[in-house]
Number of protein chains: 2
Amino acid sequence: MDSALVEAQRAAALGEVPVGAVVAIGERIVASRHNEREATDDPTAHAEILALRDAATELGTWRLDEATLFVTLEPCPMCAGAAWASRIGRVVWGAPNPDAGSLGSLYHLGSDPRLNHELNVTHGVREEACGDILRKFFSQRRA
Amino acid sequence: MDSALVEAQRAAALGEVPVGAVVAIGERIVASRHNEREATDDPTAHAEILALRDAATELGTWRLDEATLFVTLEPCPMCAGAAWASRIGRVVWGAPNPDAGSLGSLYHLGSDPRLNHELNVTHGVREEACGDILRKFFSQRRA
């Protein structure tokens, strides 16, 4: 999660909503990205989507069942869905997302037996640090 | 939906699960793509994600509120989430997706007042033709 926090800080420095994501297999980081929606004008350029795509390229397969996605904010429906679509083994998220969180808050797309893959989800890791980056970003924007 | 069906046929010819998607503003088609997951080894390369990204590039904004997404199969959680994330005005889908459909079947991510955007959804357009392409593809694969 430390690496995902570094990514989130990079996003903040660029004026992007500060969310960072890392895909790792064991200790090995295979992809590391941050939110780039504003810079790229791409509605899908959330940190998780970019990291999952990079990881698939790096590993040469769209099936990421050996991997773990670490992300500083609880994924939105699109990103929780992308985690499901990539068959990722595990998702670890930091701060809860009460407005759109889809791995525990509004939905739990990771544990729906009707879907063909379930995700092992761990939440609240470095929650304070992950949330502080977002709170600071939005309070500066309002100022 | 005719153009989305043409895209789905293109996917089938390439051995991809045949789903096609088009983004249009009024009569103008701004993006037209098909599923490319196997060719690109990208877990996010569903027709809808690719079409939404192309449309955002074409229009120079991630906000697609003037646009309609036409897709031959009811979107999965990731793609329904991407439609939400792009603030798209409307989604028109063809065949239902009982295994993962998230605009009516398993979930209705388009009409959740807790989310910051709701989608106008029309379903079952050219349902028979949209479903036939998929049924034919899977029956040939099993043969």
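Helices (H or I, at least four residues) and strands (E, at least two) are DSSP runs, numbered from the N terminus. The structure described here is a predicted model, in which local features need pLDDT of at least 70, side-chain atom pairs count only at pLDDT 80 or more, and totals for chains, interfaces and linings use all residues. Residues are numbered from 1 along each chain as its sequence is written, chains are lettered from A and ligands numbered from 1 in the order in which they are written, and side-chain values use heavy atoms, with hydrogens and water left out.

B:T68 counts as buried because its relative accessibility is 13%; buried means under 20% relative accessible area, exposed over 50% and partly exposed in between, with a 1.4 Å probe and protein chains only. Contact means heavy atoms within 4.5 Å. Setting aside residues up to four places away in sequence, B:T68 touches B:V22, B:V23, B:A24, B:I88, B:R90 and B:V92.

Beyond its neighbours within four places in sequence, B:V23 is in contact with residues including B:I29, B:L52, B:A55, B:L69 and B:I88.

B:L52 also takes part in helix packing: B:E48, B:I49 and B:L52 in α3(B) meet B:M78, B:C79, B:A82 and B:A83 in α4(B). Helix α3 (residues 47-59) and helix α4 (residues 77-85) of chain B pack at an angle of about 20°, with their axes 9 Å apart. The two helices are therefore roughly parallel, a description for angles under 35 degrees, whereas those over 145 count as roughly antiparallel, 65 to 115 as roughly perpendicular and the rest as oblique.

In chain A, A:L134 is found in helix α5, residues 127-142. A:L134 is buried, with a relative accessible area of 9%, and touches A:V17, A:P18, A:V19 and A:L73, not counting residues up to four places away in sequence.

Finally, the two chains may be related. Chain A can be laid on chain B with an RMSD of 0.0 Å by a turn of 180° and a shift of 0.0 Å along the axis, which is the relation of a two-fold axis. Copies are superposed by least squares on the C-alpha atoms of residues with pLDDT of at least 70 in both.

Terms used. Axes are lines fitted to C-alpha atoms, for helices over the stretch in contact, and angles run from 0 to 180 degrees between N-to-C directions.
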